[in-house]
Structure formats: structure tokens, C-alpha cells
Amino acid sequence: MSRLLLVDDEQDIRYLFKAELEESGYEVDTASGAQEAAQKLQEKKFDLLILDIQMPGESGLELLQQVVKEQQSLPVILCTAYSCYKEDFSSWLADAYVVKSSDLTQLKEEVERLLQQGQKPQTP
Amino acid sequence: MANRATCWLQNNGDDPRCLYFPEASSQAMADNGRRLREYCLFCPRFLATLQSDEVSETTLRQVAPVMLQELLHERSQRRQMERALESSRSELYFLHEINQIIQSSLELDEVLAMGLTAITAGQGFGLNRAILLLTDSARQHLDGYLAVGPRSPTDAEYAWQEVEQLGFSLKETGQHFLEQKMLFEKEKFKDLLASFHIPLNDSDHPFIRVLNEQQSRLVHPLDHEPHMPAHQAETLQVKELVVIPLVNRQRRTGVLLADNCITQRPITETDIHSLENFALPLGLAIERAHLYERLKAKLQSLNEANTRLEEQQQYLLRMEKMALVGRLTSHLADVIRNPLTVIGGQSRLLLKHLGPEDTNRQPLEAIARQSRRLEQMLQEALAYAESLHPTLDWWDLNQLVTQVCLEQQEDLKYNNSSYQLDLATDLPLARLDYQKIRYCLASLLHCCMQNQPHGGTIHIRTRRLEEQIVMELEDDGHPLPDQVIQQLDDPFAAPASHSNYLGLSLCYRILQHHNTTLNISTREQGNVYSICFPHAQEENYEPTTSCG
């Protein structure tokens with residue numbers, strides 16, 4: 001079973017997404033901010049990261065840059081309420097972007113696609 | 001020595017010396033008539049002797065014809081001089097008038113219309129035809145520019161009759177020519193003017209020789225003139241013509257050709273001299289008109305650049321405002337969309353666990369449906385706001401470079417780095433996404449700084465190619481590792497040790513998306529980053545919202 005880490009500062013969103021994704025057969029862990037997520041990423045191995053951009057404290061894009069540097073093989077989906085990520089070109093480092101919606105079909109499709117692609121090969 | 005009393009009458013063949021005019025030549029003294037006319041008449045002794053008793057009637061009969069002859073000769077000379085004086089006065093008056101006319105004008109065509117009319121008009125030099133050849137702007141060739149005069153006897157008869165009927169002054173004739181005839185004359189002499197495209201380095205050509213030697217010349221006969229191309233001599237269809245150089249402070253402006261192609265009246269020394277006198281102010285006026293035209297063009301281009309700059313400043317301000325609006329909208333959307341997502345998502349989640357007959361099903365379905373509808377409306381509103389903000393537009397790349405360098409000054413200072421700009425002055429506008437290119441340029445500057453950790457100078461250049469504008473950055477730091485350059489399109493492929501070059505990789509991807517490429521070349525000490533943009537040509541400058 002693939003293990004996902006969901007990072008969002010909104011508790012209700014975390015609850016909804018976790019329930020939906022677990023129903024789809026994934027093991028989902030959550031974090032309410034970038035710092036907590038970074039800690040969990042160090043402690044456990046995840047197959048995919050779902051990341052909100054606008055969060056209090058360290059933003060999702062800052063965490064994304066850190067992840068790209070440290071865990072190059074981890075696929076990242078930016079899940080945001082608005083396409084503001086376009087303004088910051090560092091969002092281009094993510095593997096996929098999904099605008100938040102009550103219909104989670106697109107998010108689930110992206111999760112499935114990236115997991116099927118498998119982990120990116122490590123450069124020797 | 002002759003008897004002093006009547007020395008002016010004696011034949012002093014043996015001793016022609018004169019006591020009173022010792023400087024007179026013996027030849028002049030030996031000729032009685034000449035001696036009397038040139039010396040004795042001015043001798044104080046001559047008058048005294050005439051008044052004395054020493055002079056006989058016979059003597060007076062001898063002297064009187066010589067004196068009468070001298071008187072007539074003097075009178076004839078005086079008349080000639082008066083005529084010459086009158087002619088010079090008329091010429092001076094005419095030169096003054098034409099000078100005033102041509103010096104008061106700054107327009108090239110007006111100067112030329114007046115100048116060439118003066119050569120052919122009856123009140124002017126009265127020659128049949130005037131042709132002007134001017135050096136081109138690149139100072140490579142002498143080209144036919146304007147000709148005035150008839151092309152055939154019939155044409156001449158008509159033109160001269162018209163001049164007589166109109167009775168214009170010189171100024172009026174010039175004005176009439178400029179306003180009503182100039183275009184027609186250019187067309188009439190089109191073939192003749194087109195046959196003169198003489199390289200300025202063809203120093204054997206008679207016209208170029210005149211220009212180089214700054215010496216006017218009467219070319220006669222034209223068809224036998226050495227080094228004169230046959231087709232040019234044939235086009236002119238004249239036996240002789242005068243070639244006058246137009247030179248201004250060693251600067252070769254052109255040559256003036258004038259001839260009597262209809263009347264065949266020989267061109268005189270006086271004609272040439274008058275034309276030479278006229279050529280100097282004409283050359284000055286032409287040069288001044290050229291300068292004025294260049295100045296006008298420069299001023300226009302500066303005005304256009306200024307207008308563009310003002311427009312872009314306004315546009316930048318609008319962009320700043322739009323960015324602010326974007327941030328506010330983003331915040332608002334985040335605030336609204338999150339609750340909507342939760343409301344709609346939870347209702348959907350609950351619906352999944354309800355049976356088809358459950359009484360809660362209908363209200364939950366309504367909540368899910370309405371929240372989805374709100375989400376769609378929100379999405380449409382945001383998409384519309386975004387579409388108002390153009391992405392690709394025509395920008396002054398030099399302005400963008402300067403702006404980014406100013407923005408990065410603090411980081412550059414921290415890195416002990418400085419920048420040196422070498423920006424092309426003739427740069428047209430480039431089609432680009434301002435935000436993206438600003439980001440890329442900033443990323444490249446940071447990359448340069450990373451390459452030279454102990455500081456240094458970053459050279460930033462812009463230059464214009466035929467269809468592109470090139471922007472180049474050059475650092476003098478460590479050459480980039482080959483692996484980084486080869487794997488620019490995949491930031492994840494580079495090893496962790498190269499993770500500092502993520503910005504470069506992002507820059508590469510952004511430029512790819514922008515339909516622009518980033519080329520990197522390394523040197524023993526340093527790297528050169530080049531980006532090429534298409535520049536504005538005939539297209540319009542309307543901004544577009546798609547990246548194309």
C-alpha cells in the first residue's frame with residue numbers, strides 16, 4: 001500500500017482528503033505545516049507528497065525546494081485553492097498541480113498517475 | 001639725354017632715357033605715341049611746356065591726335081569697366097537674393113528647388129539644364145538626385161513660354177517649381193538620374209575627380225572624355241557641360257552639372273566663375289538641410305522611444321496593481337474555496353455511505369450540487385481576472401535588464417560582485433513575458449554569483465541581430481560542470497552536489513515554455529549565458545495573453 005503525506009493547515013481539508021484517499025486504498029499521514037511535514041519526511045519513508053502552498057509560517061513552496069534538494073525521488077503534488085503558484089516560478093519544480101475542489105477525482109487521478117510512474121531513477 | 005624742354009616730342013632713338021621717369025623701359029620710351037600716352041601726359045613738365053611759348057602750332061598738331069586717341073581709348077575702357085561693374089553688381093545682387101532664399105530654408109527639397117531654379121532661370125544664370133548628384137548617406141556613392149530643365153526643344157519652348165507668361169520673380173519661380181513641378185521633374189529625369197550611381201572610390205571618373213580635386217571643370221567634348229562611361233555620356237546628350245564640386249569643409253556633398261543642352265550656347269568662363277561662387281552657399285545649404293533632416297529623424301525616434309517608455313512605465317504600474325489585485329484575489333479565493341471544498345467534499349463523502357432511499361440523501365445532494373456550482377463560478381471569475389493580464393508583450397529589454405540589476409544590487413554587493421552593462425543603443429522592442437524573463441535574469445545573476453563565490457564582475461550585454469535580440473551574461477567564475485549543462489531540462493537528474501543549480505534548471509524550463517532557448521558556453525575561467533528573443537518588425541505591438 002502506497003503511503004502519502006498530506007500537508008495542509010486546514011484541519012477540515014486534512015480530514016476530508018485523508019478520508020477520501022484512504023477510501024481509495026492509500027495509507028495517508030497528515031501534517032498541519034511545513035515544519036511538521038519536514039520532520040515526518042525525515043522519520044518515515046513516503047511514496048508521494050500532497051502539499052498546500054499558502055500556510056502560516058514556512059510556505060509550501062519553501063518546503064518543495066527543500067524536498068527537491070533532499071529527496072529528489074519523491075513525487076510532489078501542489079494542491080492549492082488558487083493558481084497563485086504561477087507567480088512563483090519555483091512551483092515549476094512540482095510534478096503536478098491540482099486546484100482544490102470538493103470533487104477529488106482530479107487529485108486521485110494525479111496520485112495514481114505519479115505512483116504508477118514509480119519512483120524517479122536516482123542519478124549515480 | 002634729350003632736351004628737357006620738348007623731350008616728349010623728340011625722337012630719342014639713341015638715348016631713350018627720361019630724366020623724370022627713369023624706371024620707364026627703353027622700349028616704351030622709343031615709341032613716341034606710347035611714351036606720350038603712358039608717361040609724358042603725367043609729367044609735370046609736359047603741362048608747363050604746353051603752356052609756354054616754346055610750343056609751336058606744328059608741335060600741337062602732332063600731339064593733339066595722340067591725346068585724342070588716348071582720350072577715346074580711356075573712354076572705351078571706362079565703358080567696358082562700367083559694364084563689367086554693372087554685371088558684377090547684378091551678379092552680387094542675384095547671389096545675395098538666392099543666398100537669402102536658400103539659407104532661410106532647412107528643407108532639402110526646398111533648398112534644391114531654389115538652387116537649381118536659380119541656375120536655369122533667366123533671372124539667374126540662364127543655363128538650360130542643371131543636374132545635381134549627391135553623395136549617399138553611407139558616403140559610398142554619388143547618386144543622381146534632381147535635375148531641372150527641358151529634355152527636348154519642344155519641352156524647352158513650352159517651358160520658356162510659360163516662364164514668360166507667368167512673369168515670376170526668381171523666388172516665385174523656385175516656389176512654383178517646388179510646389180507644382182518638383183515631383184514631375186523627378187519623374188521626367190528618372191532614367192537620367194538613375195544612370196548615375198558612381199562609387200566615390202572611382203577616382204578616375206571625371207565627376208569624382210572634380211569632387212576630389214575640388215576644382216570645377218568644363219568637360220568638352222563629353223563623349224571623348226576619358227573614363228567617362230559611355231552610357232552616362234549618352235544619357236546626358238550634350239557636347240559640353242560644366243562640373244562644379246559641392247564641398248563643405250572637406251566633406252564631399254555632391255557635384256552640380258550644368259549645360260546648354262537646347263541652345264548649345266558655349267559655356268563661358270564667366271558662367272563657370274558665377275557657378276563656382278554659387279556652389280559654396282549651395283553646398284552649405286545642402287549640408288545644413290541634411291543635418292536638419294538627420295536631427296529631425298533623431299528627434300522623432302527619441303520622441304517615439306520616450307512615448308514607449310512612458311507607456312511601459314504606465315504598464316509596469318498597472319502590472320504592479322494587477323499583482324496586488326492578484327494577491328488579494330488569491331487570498332480571497334483561498335478563504336472561499338477551502339470552506340467550499342470542505343462543505344461539498346463532506347456531503348459527497350456522506351452520500352457515498354447513504355442508501356438510495358435515505359431521507360438525508362436529497363438535501364445532501366443539494367449541498368454537493370450547489371457547492372460545486374459555487375466552485376465553478378469562482379473558477380470562471382478567477383480565470384476571467386487572469387485573462388485580463390497579458391503575458392506576452394513588447395518590452396524594452398535594456399530597461400528590463402537595468403531594472404533587474406537594480407533589484408539585485410543588494411545580493412551582488414553581499415557577494416562582492418558588480419555588474420557591467422554593455423547595452424545596444426539600437427535595440428528594438430522584444431516580445432517577452434516580463435515576469436518570466438525578470439525571474440530568469442535574476443536566476444542567472446544568482447548563478448553567476450554562485451560561480452564566483454569570492455566576487456567579481458558580471459558582464460551583461462544586449463545586441464541586435466537580423467531577426468533576434470541577444471541578451472548575454474558572462475561571469476568569470478568556475479566553469480559550470482558538464483553534467484549540469486547536459487541535464488538542464490531535468491533538475492532531478494543532477495546529483496545532490498549540483499542542487500545549487502536548481503535555479504538554472506528552472507530558468508531553462510521557463511525559457512523553453514517561453515519558446516526561447518538558453519545557451520550556455522563555458523570557458524577556462526567563466527561562463528556565458530545567452531538568450532535570444534524575436535524582435536519587433538512589421539507586426540503590431542498589441543499584447544497577447546497566450547504564450548504561443
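The model is predicted. Chain B holds 17 helices and 13 strands. Of its 548 residues, 44% are buried. Among contacts between residues at least 6 apart in sequence, 69% join residues at least 24 apart.

**The six-stranded sheet**

- Six strands of chain B form an open sheet in the order S3-S2-S1-S6-S5-S4, and the pairing is antiparallel.
- Strand S3 (197-199) and strand S4 (217-219) of chain B are the edge strands; each has a single partner strand, so one side of each lacks a neighbour in the sheet.
- On average, neighbouring strands of this sheet are turned by 25° against each other, direction ignored.
- Strand S1 (residues 129-135) and strand S6 (residues 251-259) of chain B run antiparallel and are joined by 6 bridges.
- Leu134(B) has Gly254(B) in S6(B) as its bridge partner.

**Helices lying across the sheet**

- Helix H5 (residues 108-120) of chain B lies across S1, strand S2 (141-148) and S6, and runs at about 65° to S2(B).
- Helix H9 (residues 206-213) of chain B lies across S1, S2, S3, S4, strand S5 (241-248) and S6, at about 40° to S5(B).

**Packing of H15 with H17**

- Helix H15 (residues 434-451) and helix H17 (residues 502-513) of chain B pack at an angle of about 150°, their axes 9 Å apart.
- H15(B) and H17(B) are therefore roughly antiparallel to each other, since angles over 145 degrees are classed that way.
- H15(B) passes H17(B) in a left-handed crossing.
- On the H15(B) side the contact residues are Lys436(B), Ile437(B), Tyr439(B), Cys440(B), Ser443(B), Leu444(B) and Cys447(B).
- H17(B) contributes Gly503(B), Leu504(B), Leu506(B), Cys507(B), Ile510(B), Leu511(B) and His513(B).
- By class, this contact of H15(B) with H17(B) has 10 nonpolar, 3 polar and 1 charged residues.

**Packing of H15 with H13**

- The axes of helix H13 (residues 397-407) of chain B and H15(B) come within 10 Å and cross at roughly 50°.
- H13(B) and H15(B) are therefore oblique to each other.
- Their crossing, that of H13(B) and H15(B), is right-handed.
- From H13(B), Leu400(B), Val401(B), Gln403(B), Val404(B) and Glu407(B) take part in the contact.
- From H15(B), the residues in this contact are Tyr434(B), Ile437(B), Arg438(B), Leu441(B), Ala442(B) and Leu445(B).
- The residues of the contact of H13(B) with H15(B) comprise 8 nonpolar, 1 polar and 2 charged.
- Ile437(B) of H15(B) meets H17(B) and also takes part in the contact with H13(B).

Notes. Residues numbered from 1 in each chain as written. Chains lettered and ligands numbered in written order. Predicted model: local features only at pLDDT ≥ 70, side-chain atom pairs only at ≥ 80, totals over all residues. Heavy atoms only, no water. Pairing = 2+ DSSP bridges. Helix = DSSP H or I, 4+ residues; strand = E, 2+ residues; numbered from the N terminus. Axes fitted to C-alpha atoms, helices over the stretch in contact; angles between N-to-C directions. Contact = heavy atoms within 4.5 Å. Parallel < 35°, antiparallel > 145°, perpendicular 65-115°, else oblique. Left-handed = near helix turned anticlockwise from the far one by under 90°. Nonpolar A, V, L, I, M, F, W, Y, C, P; charged D, E, K, R; others polar. Buried < 20%, exposed > 50% of the residue type's maximum accessible area, 1.4 Å probe, protein only.
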